[in-house]
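Here is a short briefing for a first look. Please read it alongside the sequence and the 3D view.

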Amino acid sequence: MHVLVNKTQPFFDQKPGTSGLRKKVKVFQQPHYLENFVQSIFDSVDIPDGATLTLGGDGRFYNRVAIQTIIKMAAANGFARVLVGQSGILSTPAASHIIRKYKTLGGIILSASHNPAGPNEDFGIKYNTANGGPAPEKITEAIFARSKTISQYNISSLADVDIDTIGEISFDGFAVQVINPVTDYADLMAQLFDFNAIKTLFKSSFSMKFDAMHAVTGPYAKEVFINRLGASENCLMNCEVSETFGGGHPDPNLTYAHELVEELYKANAPDFGAASDGDGDRNMILGKKFFVTPSDSLAIIAANANLIPAYGLGLAGVARSMPTSGAVDRVAKKLNIPCYETPTGWKFFGNLMDANKVTLCGEESFGTGSNHVREKDGLWAVLCWLNIIAAKQMSVEAIVKAHWAEYGRNVYSRHDYEAIPTEAANGVMAHIKAQFGTLPNQVLGKYTVSTCDDFSYTDPIDGSVSTGQGIRILFTCGSRIVFRLSGTGTEGATLRIYLEAFEPNIAHHHLDAQVALREMIQIALEISELKQRTGREKPTVIT
Ligand code: VG1
Ligand code: CO
């Protein structure tokens with residue numbers, strides 16, 4: 001096989017973040033840019049003889065070009081085989097499953113998740129290891145370090161491969177196997193859930209709308225909901241994958257999934273609504289005129305996991321990212337199982353799941369999952385809710401309110417300020433940190449500060465330490481404010497403010513979160529001087 005060696009420049013100005021490298025398509029289109037990153041990955045992992053690489057993406061613009069390049073580079077870097085999803089498609093959880101099921105060395109997933117797609121929008125690439133999960137920091141740091149010194153990459157002169165036809169294409173010592181991207185994943189779901197109970201639910205008067213937001217879950221939703229569970233076609237919205245995601249922003253939240261939200265808030269709304277993001281790992285859950293906060297969703301799935309066949313024998317433990325509300329902690333306490341608090345990003349859950357310390361985990365950012373794969377999983381979360389609804393025969397709202405009545409309510413909201421100048425964002429964070437000495441014991445309205453810190457985490461399995469994971473202002477009543485800079489944006493900085501107040505009093509459970517948190521929001525703005533420093537009057541997105 002012919003190997004070309006090209007001189008190349010290091011291009012990365014930053015470490016790959018919580019989810020790999022995300023940049024504008026135009027950046028990835030620069031000569032050698034993608035190749036540099038892929039070679040840095042291949043140089044940072046041992047590729048034994050006979051190794052297989054899993055490859056696929058969310059179908060966004062540039063996916064097909066990148067897939068062809070990566071196949072040629074895999075051939076030249078000693079891989080024996082590439083498993084690629086048909087037409088280059090693999091949702092993030094499906095890719096994780098393929099890596100695990102076929103025991104491949106790892107996988108390359110092409111996605112910028114919920115960020116918009118198209119020639120002027122975003123692209124992304126990340127590496128997952130043999131456990132199916134995002135590469136840990138040790139590897140992403142090695143990739144970054146390698147990208148600074150790399151001076152050549154290996155690429156074979158193979159012609160483009162037909163990735164649209166299922167089957168195997170063999171070359172001398174190398175093969176590309178094009179697989180159905182949906183079948184293995186749908187089979188896995190059928191093993192985990194009570195499909196018969198969900199089928200019966202769909203046969204009753206129960207109605208659902210699922211919004212794939214023109215992104216990767218469209219084909220998965222068709223196979224699982226329509227073909228295997230017998231739901232009617234009109235349950236599905238926006239299930240044709242388009243390279244630009246229909247020009248939209250496939251982020252399943254109240255702002256960007258407004259089409260679905262409108263459906264669920266109209267007269268005669270369906271009983272259940274759900275949406276997933278660009279690469280299929282996020283989920284939003286709605287009831288009739290009712291929104292389920294992701295932190296509550298995690299807690300409710302944990303509390304009712306015994307109703308789902310895969311978790312019928314109980315949970316080893318649960319984990320949540322630090323900014324996620326403590327609702328699941330209350331469930332863990334009652335179930336008498338451990339609850340871990342990790343930094344933001346799915347890669348921190350991997351070690352805990354591999355060591356069988358946790359079964360379920362989740363993030364406030366619409367991510368929920370379990371040890372069935374090593375990524376968060378949007379459709380899996382939707383199936384959890386369908387299974388629980390089928391078993392309890394209760395509405396979404398009734399399930400959530402019964403949960404609050406039993407455990408109390410962790411009132412929660414996140415305010416995002418997107419694309420603010422990096423300097424202003426850093427200034428806000430520095431200004432809050434400068435008050436760490438004076439804030440404790442201060443009385444701010446009805447709240448008294450107990451402690452503040454910058455969250456750091458020591459992995460209980462491998463001892464690795466991650467610092468600077470978000471500023472926490474904790475109050476004596478158990479409420480808290482968290483400030484954090486996003487690691488996934490591609491424009492300026494995104495500052496996230498996470499607000500949480502515990503409300504044990506059932507008489508206050510009906511309150512809208514923005515109303516219940518009003519005073520805390522004010523305190524957050526005062527402590528941070530956010531308006532003065534960024535000139536922003538209000539958040540870009542409130543969830
Ligand atoms: C965001 C979320 C985080 C999530 C990450 C990747 O990161 O807050 O919880 O793990 O996206 O999700 P950040 O650094 O922007 O806050 V996805 O769906 O992009 O893989
Ligand atoms: Co995603």
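Aspartate 281 is buried, with a relative accessible area of 3%. Buried means under 20% relative accessible area, exposed means over 50%, and partly exposed lies in between, for a 1.4 Å probe and protein chains only. The model is predicted: local features need pLDDT of at least 70, side-chain atom pairs count only at pLDDT 80 or more, and totals for chains, interfaces and linings use all residues. Residues are numbered from 1 along each chain as its sequence is written, chains are lettered from A and ligands numbered from 1 in the order in which they are written, and side-chain values use heavy atoms, with hydrogens and water left out.

- Aspartate 279 is buried too, at 4% relative accessible area.

**Helix 2 and helix 3**

- Helices (H or I, at least four residues) and strands (E, at least two) are DSSP runs, numbered from the N terminus.
- Helix 2 spans residues 33-44 and helix 3 spans residues 63-76. Their axes come within 11 Å and cross at roughly 40 degrees.
- Axes are lines fitted to C-alpha atoms, for helices over the stretch in contact, and angles run from 0 to 180 degrees between N-to-C directions.
- Helix 2 and helix 3 are therefore oblique to each other. Angles under 35 degrees count as roughly parallel, over 145 as roughly antiparallel, 65 to 115 as roughly perpendicular and the rest as oblique.
- Helix 2 and helix 3 make a right-handed crossing.
- Helix 2 brings Leu34, Glu35, Val38, Gln39 and Phe42 to the contact, and helix 3 brings Ala66, Thr69, Ile70, Met73 and Ala74. Contact means heavy atoms within 4.5 Å.
- Seven residues of this contact between helix 2 and helix 3 are nonpolar, two are polar and one is charged. Ala, Val, Leu, Ile, Met, Phe, Trp, Tyr, Cys and Pro count as nonpolar, Asp, Glu, Lys and Arg as charged, and the others, Gly among them, as polar.

**Helix 10 and helix 11**

- The axes of helix 10 (residues 294-303) and helix 11 (residues 327-335) come within 7 Å and cross at roughly 15 degrees.
- That makes helix 10 roughly parallel to helix 11.
- The contact residues include Leu298 and Ala302 of helix 10, and Val328 and Val331 of helix 11.
- By class, the contact of helix 10 with helix 11 has eight nonpolar, one polar and one charged residues.

**Helix 12 and its loop**

- Six of the eight residues of helix 12 (residues 347-354) are buried, so helix 12 is largely enclosed by the rest of the structure. Among them are Phe348, Phe349 and Leu352.
- Asparagine 356 lies in the loop between helix 12 and strand 17 (360-363). Its phi is near 60 degrees, a positive value in a residue other than glycine.
- Asparagine 356 is exposed, at 52% relative accessible area.

Conventions:
A crossing is left-handed if the near helix is turned anticlockwise from the far one by less than a right angle, and right-handed if clockwise.
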